[in-house]
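I opened a new notebook page for this structure. I wanted to look up a few parts of it and write down what I found.

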Amino acid sequence: MKLGGSSLLQQAIERGQACGTGDLMIVTNKDHLFLTRDVLRQMSDPPEATLLLEPKGRNTGPAIALAALQCIQQFSGDTVMLVLSADHLVPDVEAFVASASQAFKLATQGALVVFGISPTGPDTGFGYVEVAKVSRDNQPAKRFVEKPDLQTAQEYLATGRYYWNSGMFCFTADAIVAAFEKYAPELLAAARHALKSSQAADNTIQFDLHAFGLQPDISIDYAVMEPADNVYVVPAKFSWSDVGSWPAVAKAHTPDASGNTMPSDVVAIDTTGTHVQIDSHVPKLVATLGVHDLVIVDTPDALLVAHKNSAQEVKRVVDTLKSRQHETVHLPAVVHRPWGTYASLKEEDGYKVKRITVKPGESLSLQYHHQRAEHWVVVQGRGIVQIGDLEHVTLPGQYRYIPLKEKHRLTNIGEEELVLIEVQCGGYLGEDDIVRLADTYGRA
């Protein structure tokens, strides 16, 4: 997601870079490798990064444990780790650097540091950290508590002893590994096994699915921060938003006179406090009439309509989709690949229409399909289409037919992005009906 002109991931990286020279390590799902590389490549001064690629989600505990072990292996145990989430909005980078500098000093003294956010209300979407008294001073944490209900959150605020847990941390690699050894030894042992059985190449570390899955699904808070006795809170002197819910996204925009945050071309009549976000393959008219305090998110493959009071419960929708094995849970509307992207525009029984983009100089794998034929029309750029053993230079407006079970490949030979419209025809159109014969990116 982009807010303020750049992705939240890019903003997190830039916050880290603003703190001084250092090395970048990104822990992400393996399916996000190419998207992450695109984000890095598009930055004005693209940084080098080590990417730890998770084959499945295992929460922040294993993610941080693996990163710490890799830091020790790659650098040294006294390496100071600044751990940042990629879904935070921090407009004042200078103030963030000032707080990070304080955290750095505490970390070099062996502390496990968490950035605390002064609560602006009884929010039930955050965890809380208790201290002796909320102030501008760094101080030991007394305890961590998970997301409370509304009444409990109100009680916390009334005491004046609680910060929001930002989910941003600072510590040395040795200190956090020692904490895992003391409070979560089974997690650390599993992380060591996962790293030992991993494969490293091209600044990426890929984990064996079975070994990685032996790690428990647990947060860093549960695993270490709650039981640890050397946790310090650095109060954030910067404005902060955990953009983990749609109301939080709405707050990151400037509302109009009716409290709405939406594109200017939305027709809003008798509408207040409503957030509308549109990401469509084609221009789309959106109108609201007589609605209040809603979140409306329209993407190419899904539509969400929720009351802001229920927006924290979107996970229930995702859980329902997972139980139905719905493909939107696994594939975004635009899927990133090493050569470019593809997006499904239309699908009905017997056919699917896709928009495919290929970067200059890149090519799809040499492949064939058991259950579908394909029709290709280039609409932008210049490409070579290989069908069987023949290669055809293909320009905008030209068409190629790929018969069932025929090997084929597309290569961009131009200096601009190649855009192709693909129509698949067949009885089965799943993404797993692909046999790679050769691949530039090692996927064959």
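**Entry 1: a loop residue.** I began with a polar atom of the side chain of Asn 260, which lies 3.0 Å from the backbone nitrogen of Gly 273. I note that the model is predicted. Where is Asn 260 in the chain? I found it in the loop between helix 10 (246–251) and strand 16 (267–269).

**Entry 2: helix 3.** I then turned to helix 3, residues 60–74, and checked its length. With 15 residues at 1.5 Å a residue, helix 3 should span 21 Å. I found its end C-alpha atoms 20 Å apart, which agrees with that expectation. How many of the residues of helix 3 are buried? I noted 11 of 15, so the helix is mostly covered. The buried residues run from Gly 61, Pro 62, Ala 63, Ile 64, Ala 65 and Leu 66 to Ala 67, Ala 68, Leu 69, Gln 70 and Cys 71.

Entry 3: I followed strand 22 (340–348) next. Strand 21 (residues 334–337) runs antiparallel to strand 22, and four bridges join them. One of the pairs I looked up is Arg 337 with Gly 340 of strand 22.

Entry 4: Last, I looked up the second largest pocket, which has a volume of about 400 Å³. Its lining holds 24 residues, and those closest to the centre are Pro 300, Asp 301, Glu 327, Ala 333 and Ser 344. Which strand supplies the largest share of this lining? I have strand 22 down for it, with six residues. Strand 19 (294–299) and strand 22 each supply at least two residues of the lining. By residue type, I sorted the lining into nine nonpolar, six polar and nine charged residues.

Technical notes: Residues are numbered from 1 along each chain as its sequence is written. This is a predicted model: local features need pLDDT of at least 70, side-chain atom pairs count only at pLDDT 80 or more; totals for chains, interfaces and linings use all residues. Side-chain values use heavy atoms; hydrogens and water are left out. The expected span of a helix is 1.5 Å times one less than its number of residues. Buried means under 20% relative accessible area, exposed over 50%, partly exposed in between (1.4 Å probe, protein chains only). On a 1 Å grid over the protein atoms alone, a cavity is a set of points where a 1.4 Å probe fits but cannot get out, and a pocket is an open set with protein on both sides within 12 Å along at least five of seven lines; lining residues have an atom within 4 Å of a point. Grid points are joined across faces, edges and corners, and a volume is the space filled by probe spheres set on the points. Ala, Val, Leu, Ile, Met, Phe, Trp, Tyr, Cys and Pro count as nonpolar, Asp, Glu, Lys and Arg as charged, and the others, Gly among them, as polar. Two strands pair if DSSP finds at least two bridges between them. A polar contact is a pair of N or O atoms within 3.5 Å; within protein, one must be able to donate a hydrogen and the other to accept it, and residues adjacent in sequence count only if both atoms are side-chain atoms.
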